[in-house]
Amino acid sequence: MAPVGGIARQPRGFGVLLVLAALAPAVVVVYAMLSDLFMGSNWLGADPVKSGEHLLGEWTLRLLFGTLLITPLRRVTGWNWLAKHRRTLGLFAFAYVSLHLLTWTLLDVQIGISEYVGWADIKKDILKRPFITIGMLAFLLMVPLAVTSTKKMIARLGKNWRKLHRLVYVIPVLGVVHYWMAVKLDITEPAIYALFLAGLLYWRARQARITRAAATVPSPAETVAA
Amino acid sequence: MIDTTMTRSALPSSEITPESVYLDRRRFLAAAGVLGAGLVVAPALGACAPAAADASQQGSLGTPYGLQPYDKPNSYEDVTSYNNFYEFGTGKEDPKANAQQFTTKPWTVKVEGLVSKPGDYQLEDFLKPSKMEDRIYRMRCVEAWSMVIPWRGVPLADVIRRAGPTSAAKYVEFTTLYDPKRMPGQGMRYLDWPYNEGLRLDEAMHPLAMLVTGVYGRDLPNQNGAPLRLVVPWKYGFKGIKSIVRIRLTSAMPKTAWSEAIPSEYGFYANVNPEVDHPRWSQATERRIGQFRRIPTLMFNGYADQVASLYSGMDLRRNY
């Protein structure tokens with residue numbers, strides 16, 4: 001598809017800028033959380049662990065949405081060079097979800113830190129509390145995607161790589177459901193995320209339908225033969 | 001040994017100390033040049049904290065009820081900036097941000113239902129016959145965090161006794177102000193406004209149950225439920241209904257806001273119980289605001305000695 005307009009080639013320094021932009025929230029959140037906890041600052045309010053944990057979760061979703069936004073953005077703008085940055089965003093999403101999980105286990109539940117919490121507690125949380133089960137499932141599904149993100153793995157897996165990486169459509173859905181179930185009553189924010197995700201997935205579905213329709217339209221040769 | 005000094009408050013010490021103590025202390029502190037710079041352990045406090053933890057001690061912030069050694073009062077800042085008060089928004093910082101314009105004068109409390117003396121009372125008249133008390137209680141939120149808070153208020157039993165419950169009265173129902181213009185959160189239907197809460201009459205008559213008008217010896221800030229709120233320290237925090245305008249004695253169990261909203265997660269009793277989990281999280285431990293490490297949650301929030309008898313023979317797993 002020909003570029004509709006815009007920048008046909010990647011602006012210089014874009015890659016570095018993107019990495020810095022994706023990194024910044026993590027640095028800020030983790031610093032603020034630890035500083036509030038152990039150095040008496042007050043960046044994140046009275047309960048820095050919960051605030052930090054939630055922020056890292058929300059940033060995971062934003063980065064996952066970023067990976068899904070690349071293709072529509074390419075279509076609209078013709079900036080095909082965006083494609084290679086999908087991996088950057090995907091890997092950052094994985095980094096954020098790891099930090100989210102670490103915050104939960106070490107600072108919130110305090111496995112191995114509080115004498116009053118044991119592995120049995122976290123096992124119970126994961127198995128018996130649906131919103132945690134779903135969140136954990138989303139995390140586990142992200143692991144193979146992160147592991148197979150190298151050029152070598154892409155080459156080795158061939159066709160299967162594409163199949164495996166279709167999980168990028170499932171993972172954010174699980175993430176949003178996890179968020180939705182975690183809030184008590186005011187679902188405004190998860191609803192905004194859900195709406196945004198629905199838009200992205202709708203665009204995909206429509207695109208897939210168009211492609212399928214194009215593939216099943218009889219070719220001129222067939223029409224003539226009939 | 002109980003240490004009732006604060007570590008993080010910037011309150012002038014005069015605000016939180018019984019007059020007799022602080023007069024001496026103020027001179028001491030002024031001389032030391034540290035007045036208003038946070039609390040230091042003043043000599044006057046030495047006499048207030050004999051060894052064992054029991055309910056009879058007098059601390060600078062009032063009576064510390066059954067506190068553990070790790071129970072230190074949270075800072076005034078934490079107590080007044082981290083609040084669940086959905087009438088002013090659902091975020092923890094929302095109430096402080098959105099409640100500043102809220103006016104609580106004049107304030108009328110309606111007493112009605114199965115009482116011999118129903119009526120509308122100006123708040124001042126309503127409380128005047130009772131002696132104000134300072135008490136330090138643990139506050140355990142159903143969300144598994146907690147604080148230690150020096151409240152000021154009157155025993156709820158006092159007020160109910162004055163209203164004269166009839167023999168048919170079995171429950172007490174409390175209602176928050178409903179005024180969406182003044183309480184912007186009521187524009188959203190998170191809960192079926194106005195907020196209602198309730199206690200069994202014997203729970204309400206328990207000496208630990210309190211109607212609160214102040215914190216840290218100051219008037220209750222709006223975000224903490226001014227001008228009048230309930231504090232029932234052995235129950236989860238959401239039982240502590242805020243900005244009360246009506247108290248009604250009834251024969252039937254009142255409907256309560258959270259148990260109406262999500263009956264599977266919140267019940268009428270809502271007693272703090274480490275053995276009965278919330279469906280979405282464990283209640284066995286809690287994180288104390290201002291401290292990092294989790295601490296164990298105690299049965300009835302540590303007030304079992306005083307209140308367990310209210311529930312003898314009851315299945316607390318079913319009556320959550």
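Student: What makes the area between chain A and chain B in this predicted model a buried area?

Tutor: Buried area is accessible area that two parts lose on being put together, summed over both. Chain A and chain B bury about 2300 Å² between them, and 53% of it is on carbon and sulfur atoms.

Student: How do you know which residues are in contact, and how many does each chain give?

Tutor: Contact requires heavy atoms within 4.5 Å. By that rule, 30 residues of chain A are in contact with 31 residues of chain B.

Student: Why is the pair Arg287(B) and Asp108(A) called a salt bridge?

Tutor: The closest N and O atoms of Arg287(B) and Asp108(A) are 3.5 Å apart. The cut-off for a side-chain nitrogen of Lys or Arg and a carboxyl oxygen of Asp or Glu is 4 Å, so the pair qualifies as a salt bridge. Across the interface of chain A and chain B, the rule finds 5 salt bridges.

Student: How many residue pairs are in polar contact across the interface, and which elements of chain A give residues to that side?

Tutor: The rule finds 17 residue pairs in polar contact across the interface of chain A and chain B, with both residues at pLDDT 80 or more. On the side of chain A that touches chain B, two or more residues come from each of helix 1 (14–39), helix 2 (48–77), helix 3 (85–109), helix 4 (119–128), helix 5 (130–147) and helix 8 (167–182) of chain A. Helix 3 of chain A gives the largest share, 4 residues. By class, this side has 17 nonpolar, 5 polar and 8 charged residues.

Student: What makes the pattern of chain A one of helices?

Tutor: Chain A has 10 helices and 0 strands. The C-alpha atoms of chain A fill a box of roughly 80 × 45 × 40 Å along the principal axes.

Student: Which residues line the second largest pocket, and where do they come from?

Tutor: The second largest pocket holds about 1100 Å³ of space. Its lining has 33 residues, of which Arg86(A), Trp161(A), His165(A), Val168(A) and Tyr169(A) lie nearest its centre. Helix 9 (188–216) of chain A is among the elements that supply at least two residues of this lining, and helix 9 gives the largest share, 7 residues. By class, the lining has 18 nonpolar, 7 polar and 8 charged residues.

Student: Why is a space called a cavity and not a pocket?

Tutor: In a cavity a 1.4 Å probe fits but cannot get out, whereas a pocket is an open set. The whole structure has 3 cavities of 30 Å³ or more. About 350 Å³ of space lies in the largest cavity. Of its 26 lining residues, Asn84(B), Phe85(B), Gly237(B), Phe238(B) and Lys242(B) are the closest to its centre. Strand 5 (residues 145–155) of chain B gives the largest share of that lining, 4 residues.

Student: What is the volume of the second largest cavity, and which residues are closest to its centre?

Tutor: The second largest cavity has a volume of about 70 Å³. Its lining has 13 residues, and the closest to its centre are Met139(B), Val231(B), Val232(B), Lys235(B) and Gly237(B).

Technical notes: Residues numbered from 1 in each chain as written. Chains lettered and ligands numbered in written order. Heavy atoms only, no water. Buried area = accessible area lost by both parts, 1.4 Å probe. Polar contact = N/O pair within 3.5 Å; in protein donor to acceptor, adjacent residues only side chain to side chain. Nonpolar A, V, L, I, M, F, W, Y, C, P; charged D, E, K, R; others polar. 1 Å grid on protein atoms, 1.4 Å probe; cavity = no way out; pocket = protein on both sides within 12 Å on 5 of 7 lines; lining within 4 Å. Points joined across faces, edges and corners; volume = space filled by probe spheres on them.
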